[in-house]
Amino acid sequence: MNEPVTTLDVADDTTTDYGFPDPIFVLAAPRSFSSLITGMIGQHPELYGMPELNLFQCDTVADFNSGLHASGSVKSPFWSIMRHGLLRAIAQIHGGEQSPESIRMAERWLSLRENWTSADVLIDLFSAVGPRRVIEKSPAILRERAFLDKMIDIFPGARIIHLVRHPVPQGKSSIAAKGGMAVLMSLNSIDYRDPNEAVLDPQIAWHDAQMQILAFLDQLPDEQFITIRGEDFLNDLDNHLPALCDWLGISRSPEAIAAMRHPEDSPYACVGPANARLGNDPNFLSAPALRETHFKVPALDAPVPWRTDGQALHPRVQELARALGYGDAT
């Protein structure tokens with residue numbers, strides 16, 4: 001497993017066969033600082049931060065529009081709002097604004113291209129913002145390994161950032177988030193060990209997400225991905241932002257670093273028009289500015305706050321967290 005790092009050798013060739021730079025994808029479980037950190041990185045003047053596009057879950061635009069699997073089952077109970085990011089991106093990139101009218105234009109744009117593949121749409125959008133390099137994250141890509149495989153099949157040279165957060169604060173944040181309990185239930189993050197009571201336990205979803213990411217990354221060369229602990233990154237931006245720029249092969253000028261400290265400047269870092277309000281974490285959209293603070297991590301063997309039986313994290317979760325660089329409380 002690739003150790004959590006801040007710098008790696010930079011690959012020489014970062015241009016796709018499509019004529020635009022290889023994109024950057026952030027893989028992270030929900031509530032892992034992914035909206036904030038992806039938003040920050042996307043403000044670098046050589047990059048373009050996308051909202052959550054959710055296209056790797058679809059084969060065609062028709063699939064995206066319907067929200068259905070080939071079997072006829074619903075992709076997600078949240079699919080109607082998972083469409084917002086792509087609609088906002090099309091409206092902004094091809095319409096120059098995000099308004100109710102431009103969102104309706106984006107709906108028409110998609111309806112006229114139902115025979116396009118998801119790759120066709122991504123290539124169109126990524127080409128349109130070139131020569132800037134796209135960075136995107138869609139947490140729902142972790143639901144199936146096939147979605148991750150599609151991502152790397154379309155963009156084999158993509159750089160991958162594995163972003164991780166300590167399982168205890170990530171779990172607390174997952175439960176507290178609006179709709180968080182419904183999301184956890186949809187991910188089957190439920191502990192059935194007690195025959196008398198099933199317990200909603202976010203550490204299960206955290207564990208499954210990390211294992212999905214690590215199994216996927218195991219097929220890639222080490223220089224293609226990094227693992228970043230979100231707390232470390234946000235606690236020391238002065239060192240981590242330039243180091244990440246070095247790894248990506250982009251400028252680490254003071255002006256570029258300063259821009260990355262202002263995720264709120266993205267056209268997607270706000271609530272959208274009434275017909276496409278989201279496209280990212282609602283909490284981030286409501287308050288996207290970077291707030292300087294120090295993130296602490298608890299002990300791995302302490303009782304977790306969401307359980308009433310006094311249990312700590314499961315031993316397998318503790319072992320995985322240690323392998324990802326979490327140890328003593330800070």
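1. Helix H7 (residues 145-154) has as its buried residues Phe-147, Leu-148, Lys-150, Met-151, Ile-152 and Ile-154. Buried here means under 20% relative accessible area, exposed means over 50%, and partly exposed is in between, with a 1.4 Å probe and protein chains only. Helices (H or I, at least four residues) and strands (E, at least two) are DSSP runs, numbered from the N terminus. The buried residues of H7 pack against strand S1 (24-27), H6, strand S4 (159-164) and helix H10 (202-217); contact means heavy atoms within 4.5 Å.

2. On the basis of the values: this is a predicted model, in which local features need pLDDT of at least 70 and side-chain atom pairs count only at pLDDT 80 or more, while totals for chains, interfaces and linings use all residues. Residues are numbered from 1 along each chain as its sequence is written, and side-chain values use heavy atoms, with hydrogens and water left out.

3. For the chain as a whole, there are 15 helices and seven strands. The chain has 330 residues, of which 53% count as buried. Of the contacts between residues at least 6 apart in sequence, 75% join residues at least 24 apart.

4. How do H4 and H5 pack? Their axes are 8 Å apart, at an angle of about 100 degrees. H4 is therefore roughly perpendicular to H5. Axes are lines fitted to C-alpha atoms, for helices over the stretch in contact, and angles run from 0 to 180 degrees between N-to-C directions. Angles under 35 degrees count as roughly parallel, over 145 as roughly antiparallel, 65 to 115 as roughly perpendicular and the rest as oblique. On the H4 side the contact is made by Leu-86, Leu-87, Arg-88, Ile-90, Ala-91, His-94 and Gly-95, and on the H5 side by Ser-102, Ile-103, Met-105, Ala-106, Glu-107, Trp-109 and Leu-110. These residues divide into nine nonpolar, three polar and two charged. The classes are Ala, Val, Leu, Ile, Met, Phe, Trp, Tyr, Cys and Pro as nonpolar, Asp, Glu, Lys and Arg as charged, and the others, Gly among them, as polar.

5. Ser-102 lies in helix H5 (residues 100-111). Ser-102 is buried, with a relative accessible area of 4%. Not counting residues up to four places away in sequence, Ser-102 touches Ala-91 and Glu-97.

6. Helix H4 (residues 84-95) also meets helix H6 (residues 118-129): the axes come within 11 Å and cross at roughly 40 degrees. That angle makes H4 oblique to H6. The crossing of H4 past H6 is left-handed, a term used if the near helix is turned anticlockwise from the far one by less than a right angle, with right-handed if clockwise. H4 contributes Leu-86, Ile-90, Ile-93 and His-94 to the contact, and H6 contributes Val-121, Asp-124, Leu-125, Ala-128 and Val-129. The residues of this contact divide into seven nonpolar, one polar and one charged.

7. In the loop between H6 and strand S3 (133-136) lies Pro-131. The peptide bond from Gly-130 to Pro-131 is cis, with omega near 10 degrees. Pro-131 is among the residues in contact with Glu-46, as are Arg-132, Arg-133, Ile-250 and Ser-251, leaving aside neighbours of Glu-46 within four places in sequence. Glu-46 is in the loop between helix H1 (34-41) and strand S2 (47-49) and counts as partly exposed, at 34% relative accessibility. Glu-46 and Ala-256 are 210 residues apart in sequence and 8.5 Å apart in space, C-alpha to C-alpha.

8. Positive phi values deserve a look. Arg-31, in the loop between S1 and H1, is not a glycine but has a positive phi of about 65 degrees. Asn-54, in the loop between S2 and helix H2 (61-66), has phi near 55 degrees. Asn-54 is buried, with a relative accessible area of 4%.

9. How many disulfides are found? A search of the whole structure finds zero, where a disulfide is a pair of cysteine sulfur atoms within 2.5 Å. Cys-58 is buried at a relative accessible area of 1%, and Cys-245 is buried at 0%.

10. Ala-70, in the loop between H2 and helix H3 (79-82), is exposed, with a relative accessible area of 92%. Ala-70 and Cys-58 are twelve residues apart in sequence and 9.7 Å apart in space, C-alpha to C-alpha.
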